Amino acid sequence: MDSQELQRIKNRYDIVGNDPALNRAIEMAVAIAPTDLTVLVLGESGVGKENIPRIIHQNSARRNGKFLAVNCGAIPEGTINAELFGHEKGAFTGAVGERKGYFEEADGGTIFLDEIGELPKETQSMLLRVLQDGEFIKVGSSKVEKTDVRVIAATNVNLLNAVARGKFREDLYYRINAMQITMPALRERKDDIYLLFRKFSADFSERNRVCRISLTHEAIALLRNYRWPGNVRQLKNIAETVSAMESAKLSPHAERCEIDAETLSGYMPKEAETTLPATVDRQAAFDEDEKKMVYKAILDLKRDVDALKAIVYGHGAQQRSLPAPQSAPDDAEDVLEAEWQDSGEFRTGTEKPDFADTDKPHELREISVPDSLSLHKISEELILKALEKHNGNRKLAAEELGISERTLYRKLSKSNSRK
């Protein structure tokens with residue numbers, strides 16, 4: 001697609017920006033439009049995913065048919081089947097007459113299912129039947145109906161995670177994911193941010209007959225450096241708010257107003273208001289009971305690995321298995337802090353080469369364990385090495401090992417008592 005055709009499509013659908021990822025999404029939509037493939041549009045909330053289905057519909061052979069956009073997350077679970085597939089008279093309380101659903105109304109056209117990840121499991125099964133066979137049954141009916149509809153879906157959630165959690169059907173996921181188009185987040189389109197701001201503020205000024213807003217270089221940098229969790233929708237709200245509030249301070253005859261970074265910052269959300277995940281203190285991640293459960297799991301895993309080695313390599317293989325623990329040992333913390341810190345000290349011994357024989361599973365690899373493995377000894381050596389590295393500074397040594405100073409003191413005391 002040449003640049004002129006691309007710009008013509010942007011102008012038609014009021015799309016602003018020159019980001020390569022944005023251009024790629026539009027080009028993919030135009031290229032896939034003549035087919036009947038189901039399309040899954042991905043992207044965060046507010047990035048403008050709704051433009052892609054319209055571009056596909058208008059450039060397809062279905063352009064003369066209906067285009068229906070349905071927000072699956074906005075329809076109550078109790079009525080969504082009736083909304084999508086229709087219902088018969090008396091099918092439920094309030095069903096005073098027969099009603100066509102969206103799939104029947106859009107016959108011969110295109111239906112856009114936004115927030116498809118919010119569909120209930122029962123509705124997912126009915127949608128799968130439409131995609132596979134073009135068939136559906138109205139609520140309260142036993143008659144199979146036919147429809148010829150192209151489905152375009154969109155989501156701002158990770159559907160594969162939803163599949164793993166049992167919230168979304170795996171077969172439906174692969175059915176709607178015949179073609180995937182991703183809309184980039186606004187923070188990934190830094191060069192487009194000020195273009196969009198100017199577009200939104202200019203449109204607002206024209207509609208409301210107020211002066212136009214421009215920004216200083218420092219204010220533009222402030223816009224570019226913000227992370228925009230609400231994407232284009234959030235930027236539009238801020239542009240219109242700034243235009244309205246700052247224009248009100250000027251005389252009615254003013255034509256333009258330049259906003260500096262200090263003024264603009266008063267309209268920008270504070271970073272503390274974002275919903276980024278909070279950090280978790282490493283030392284406070286587990287309580288003592290949880291730690292003991294982890295220690296026991298580690299020992300059980302070691303025993304299971306030895307059992308698997310015996311099965312794979314035969315009874316002649318050397319086995320060094322730990323006895324099955326009935327409960328977490330009192331000094332189990334020593335075991336965890338020796339093996340759990342990813343220090344690399346346990347990656348010793350000669351590793352077996354990869355299997356050459358194809359009938360042996362590649363997932364199973366020899367896990368080498370030194371014959372004279374002593375967890376206490378290794379733990380002591382780690383502590384001594386850390387102390388030596390930090391010239392005897394116990395605080396720094398404890399931080400490097402990922403343990404508390406109290407634990408380091410206790411280990412040193414145990415070591416001295418054994419000597």
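Reader: Which residues lie nearest the centre of the second largest pocket?
Author: Happy to start there, with the reminder that this is a predicted model. The second largest pocket has a volume of about 420 Å³. Its lining is made up of 22 residues. Those that lie nearest its centre are D14, E50, N51, F200 and V232.

Reader: Which element gives the most to the lining of the second largest pocket?
Author: Two elements give two or more residues to this lining, α9 (190–208) and α11 (231–248). The one that gives the most, with 6 residues, is α9.

Reader: And the largest nonpolar core: which element supplies its largest share?
Author: That core has 28 residues, and F103, L113, I116, F168 and I176 touch the most other members. At least two residues each come from α4 (80–85), β3 (110–114), α6 (121–133), β6 (150–155), α7 (159–164) and α8 (170–176). The largest share, 4 residues, comes from α6.

Reader: Which residues does F168 touch, leaving out those up to four places away in sequence?
Author: Good one to look up in the structure, as F168 is one of the core residues that touch the most other members. With those sequence neighbours left out, F168 touches I116, G117, K121, Q124, L159, A162, V163, Y173 and I176.

Reader: Why do the buried residues of α16 lie on the same side of the helix?
Author: In α16 (residues 394–401), the buried residues are A397, A398 and L401. They share a side of α16 because they cover an arc of only 100 degrees around the axis. In general, an α-helix has 3.6 residues a turn, so residues three or four places apart point the same way. The value that settles it here is the arc of only 100 degrees.

How values were computed
Residues are numbered from 1 along each chain as its sequence is written. This is a predicted model: local features need pLDDT of at least 70, side-chain atom pairs count only at pLDDT 80 or more; totals for chains, interfaces and linings use all residues. Side-chain values use heavy atoms; hydrogens and water are left out. Buried means under 20% relative accessible area, exposed over 50%, partly exposed in between (1.4 Å probe, protein chains only). The arc is that of the directions from the helix axis to the C-beta atoms. A nonpolar core is a set of buried Ala, Val, Leu, Ile, Met, Phe, Trp, Tyr and Cys residues joined through side-chain atoms within 4.5 Å. Contact means heavy atoms within 4.5 Å. On a 1 Å grid over the protein atoms alone, a cavity is a set of points where a 1.4 Å probe fits but cannot get out, and a pocket is an open set with protein on both sides within 12 Å along at least five of seven lines; lining residues have an atom within 4 Å of a point. Grid points are joined across faces, edges and corners, and a volume is the space filled by probe spheres set on the points.
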